[in-house]
Amino acid sequence: MERRNIYPCFVGLLVLSTMITSCNKDEEGGGEAPSEERYTGDTYQDLHSPWVKDPNKTTHFTKWDCILFGSYPANEVVCDKFDAVDGYALADGDVIKDASLYEQLENADWTDDDTVIDGKRYHRLNGHGAVTYSTDREEHYRWKDPEEWHYFVYAPIKWRILKINGTKAVLLTDRMPDTCPFHDKDEDVTWSGSVLRQWLNNTFLNRAFSETEREAIEITNVENAPNSHYHTYCGPDTQDYVFVLSNNEVFASPLASDYGFYAGSGIDDPARRFRSTLYAKCRGAWWSSVEGYQGNSFWFMRTNGYTPSSITYVCDFGYLYNQGTAVTCDDAAVAPAITVDLTKASYQTASSVVSTDVNQ
């Protein structure tokens, strides 16, 4: 299938003959997914592991229970017209038009670019705090003035439950909250030494969760298996509070199936399609304009690509690009994952997500 859009940070890799294949779908291969209808793991109180159905091996359906846990800047407060992002890439509530609140934010006292007004927490951002910014870069947030502050309200983070094992739950953000390059230098690097890992386990962790909430987050033993197609070494296993998924966790493995992703080949799996928040877009996350996938972003794996200086990712279609892109790519969104002890976590249940409702 020929792509109708190429990610800006992917262009440089196309000069290499080994990278010319365009959207080589689910390159790792993999056998047929079993025909089944089941919960993939345990249940805790009224929360379930994903429910999957694959009645005829050509369609796949997943339902994820979801919870709200932690909070992060998400929705932008504006005083008048908003045209920085194409309408199709926005969700309800992304833009809050409130001139009075905007004025309060302009005159507020800020500490580390955070403030509280009437019990609500807000974050401000200008171009210097973005990963990347531009006034006219297609399918990116359109900045009018990089010196101007943009104001975002913290919103609860919605998480899909990927699996429950006893009282422990593996969670993945339902909407990608931010963007960060996998690494800050064009060099060989694995997950263990990446800037993304450092950022997730420091900046993101401390911004998204209170001290009490952090006590409910378990250290996860993160396996960093080699790229199964190119056999690229992906570094030592790690222990992390926050991580991103690997190739094996989203495709062609029993664990991918348990998490609710289609583990076979030959179908488009909407379970791997994700959108980013408005805050992530303001920070630099790209969104797709391709008909049928409009508004979706692409997201990093922690698995290296065909070289140690490349990293794999899932595109707007939901396909795994096993060859990867440069580790310095600056406009991929990030889908954090965590493991929580549900007996310690103060969470709220949220509406479930089904794969047929994911943008496609």
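**Cysteines, pockets and loops**

A: Starting with a cysteine, Cys 180 has a relative accessibility of 5% and counts as buried, where buried means under 20% relative accessible area, exposed over 50% and partly exposed in between, with a 1.4 Å probe and protein chains only. This is a predicted model, in which local features need pLDDT of at least 70 and side-chain atom pairs count only at pLDDT 80 or more, while totals for chains, interfaces and linings use all residues. Residues are numbered from 1 along each chain as its sequence is written, and side-chain values use heavy atoms, with hydrogens and water left out.

Q: And Cys 79, buried or exposed or in between?
A: Cys 79 is partly exposed, at a relative accessible area of 35%.

Q: How many disulfides turn up?
A: A search of the whole structure finds zero, a disulfide being a pair of cysteine sulfur atoms within 2.5 Å.

Q: OK, what's the secondary structure of the protein chain?
A: It comes to six helices and 22 strands, taken as DSSP runs numbered from the N terminus, with helices being H or I of at least four residues and strands E of at least two. Of the 360 residues in the protein chain, 56% are buried. Among contacts with a separation of 6 or more, 68% join residues 24 or more positions apart, contact meaning heavy atoms within 4.5 Å.

Q: Now pockets: what's the volume of the largest one?
A: The largest pocket holds about 740 Å³ of space. A pocket here is an open set of points on a 1 Å grid over the protein atoms alone, where a 1.4 Å probe fits, with protein on both sides within 12 Å along at least five of seven lines, and lining residues have an atom within 4 Å of a point. Grid points are joined across faces, edges and corners, and the volume is the space filled by probe spheres set on them.

Q: Which residues lie nearest its centre?
A: Of the 29 residues lining the largest pocket, Ala 91, Lys 158, Asp 174, Arg 175 and Thr 277 lie nearest the centre. Strand 5 (61–78) and strand 9 (150–165) are among the elements that each supply at least two lining residues. By class, that lining has 13 nonpolar, seven polar and nine charged residues, with Ala, Val, Leu, Ile, Met, Phe, Trp, Tyr, Cys and Pro counted as nonpolar, Asp, Glu, Lys and Arg as charged, and the others, Gly among them, as polar.

Q: What about the second largest pocket?
A: Its volume is about 480 Å³, and of its 28 lining residues the closest to the centre are Thr 220, Asn 221, Glu 249, Leu 255 and Tyr 259. The lining of the second largest pocket divides into ten nonpolar, twelve polar and six charged residues. Strand 9 supplies at least two residues to this lining, as it does for the largest pocket.

Q: Switching topic, where is Ala 225 and what does it touch?
A: Ala 225 sits in the loop between strand 13 and strand 14 (238–240), and at 22% relative accessibility it counts as partly exposed. Leaving out residues up to four places away in sequence, Ala 225 touches Cys 234 and Asn 248.
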